[in-house]
Amino acid sequence: MANQTPRQRARTETEAEIIRIGNRMLDSGGIDGISLRAIARELGIVSSAVYRYVRSRDELLTILISDAFTSVADAVDRDLVPQRSVFTIGATMLEWSRQYPNRWALIYGTPIPNYQAPREATVVPGTRIMVTLAGLVAELPASPSPSPVPAEALEPLRVGLEELGVSHDDPVIMRTVAVWVAVIGLINALRFGQFGPGFDSVEDELMQGLVTTLTE
C-alpha cells in the first residue's frame with residue numbers, strides 16, 4: 001500500500017472492510033445473513049455505492065470463498081512449521097472448522113443454489129492445502145499394494161496438479177485423494193451432525209485415528 005495513491009489506498013481499505021463485514025455476517029447468520037445493502041449501511045454509504053467495489057452478491061460470495069480458502073490454508077502453513085505431518089493438516093483444518101463453522105460450510109458444504117464459483121478466482125486458494133498434502137504423502141513410506149485405480153482415471157488430477165507446478169506418481173495421487181476425502185468427510189460429519197450427538201470431546205482423537213489408519 002506504500003506506493004498507492006490516496007484514492008487507491010481508500011479503495012483497498014474499503015474492500016478489506018467489505019470482506020471483514022461480510023465474514024462477520026457469514027459467521028453470525030450463514031449465507032442467508034449476507035446482504036450488500038446491509039454492508040453499505042454499515043459502511044455509511046448509499047446502497048448503490050457498494051457496487052463500485054462489489055458488483056453483485058455472487059461476486060461477494062466468490063470473494064468470501066477465496067478469503068476462507070486462504071484463511072484455512074494460512075493456518076495450515078503456520079502449524080506445519082513446528083510440526084510437519086499429515087496429522088497437522090487434518091488437526092488444523094478441524095480446529096479451523098470449529099472456529100468458523102459457517103465459513104467451513106461455505107467452502108466444503110452443500111453447493112450454493114444458482115451459484116458457480118469462477119475457477120480463476122478459487123482454484124489456486126482452494127487447492128493450496130491439497131498440494132501441500134500431496135507433498136507430505138510423497139514423503140511417506142510407499143504403500144505395499146499398488147493403486148487399484150487405472151491410470152486414466154487419475155489423469156484429470158495429474159493434469160490439475162501439473163498446472164499448479166506439482167508432479168507426483170499415481171500411487172501418491174491416489175493416496176492423497178484418499179486422505180483428502182477422508183479428512184473433509186470426517187470434518188463434515190462432525191460439523192453437520194451426521195454422527196449425532198456426543199462427539200464434541202473426541203473430535204481430535206477421531207482425526208488422529210483416521211490419519212493414522214490412512215498413513216501408517
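The dialogue below goes through a predicted model and the rules behind its terms.

Tutor: In this predicted model, local features need pLDDT of at least 70 and side-chain atom pairs count only at pLDDT 80 or more, while totals for chains, interfaces and linings use all residues. Residues are numbered from 1 along each chain as its sequence is written, and side-chain values use heavy atoms, with hydrogens and water left out.

Student: What makes up the protein, helices or strands?

Tutor: The protein has nine helices and zero strands, where helices (H or I, at least four residues) and strands (E, at least two) are DSSP runs numbered from the N terminus.

Student: Why are α4 and α6 called roughly antiparallel?

Tutor: The axes of α4 (residues 86-99) and α6 (residues 119-139) cross at roughly 155 degrees and come within 9 Å, the axes being lines fitted to C-alpha atoms, for helices over the stretch in contact, with angles from 0 to 180 degrees between N-to-C directions. Angles under 35 degrees count as roughly parallel, over 145 as roughly antiparallel, 65 to 115 as roughly perpendicular and the rest as oblique, and α4 and α6 are therefore roughly antiparallel.

Student: Which residues make that contact?

Tutor: With contact meaning heavy atoms within 4.5 Å, V86, I89 and M93 of α4 meet I129, T132, L133 and L136 of α6.

Student: How do you know where the domains lie?

Tutor: The bounds come from an automatic or database domain assignment, which gives domain 1 (1-54) and domain 2 (65-215). Their centres, taken over C-alpha atoms, are separated by 30 Å, yet eight residues of domain 1 are in contact with six residues of domain 2.

Student: What area is buried between domain 1 and domain 2?

Tutor: About 570 Å² is buried, with carbon and sulfur atoms giving 58%; buried area is the accessible area (1.4 Å probe) that two parts lose on being put together, summed over both. In domain 1, L26, D27 and I31 lose the most area to domain 2, together 68% of what that side buries.

Student: Why is the pairing of D27 and R103 called a salt bridge?

Tutor: The rule asks for a side-chain nitrogen of Lys or Arg within 4 Å of a carboxyl oxygen of Asp or Glu, and the side chains of D27 and R103 meet at 2.7 Å, N to O, as a salt bridge. Across the interface of domain 1 and domain 2 the rule finds one salt bridge, and a search of the whole structure finds 14.
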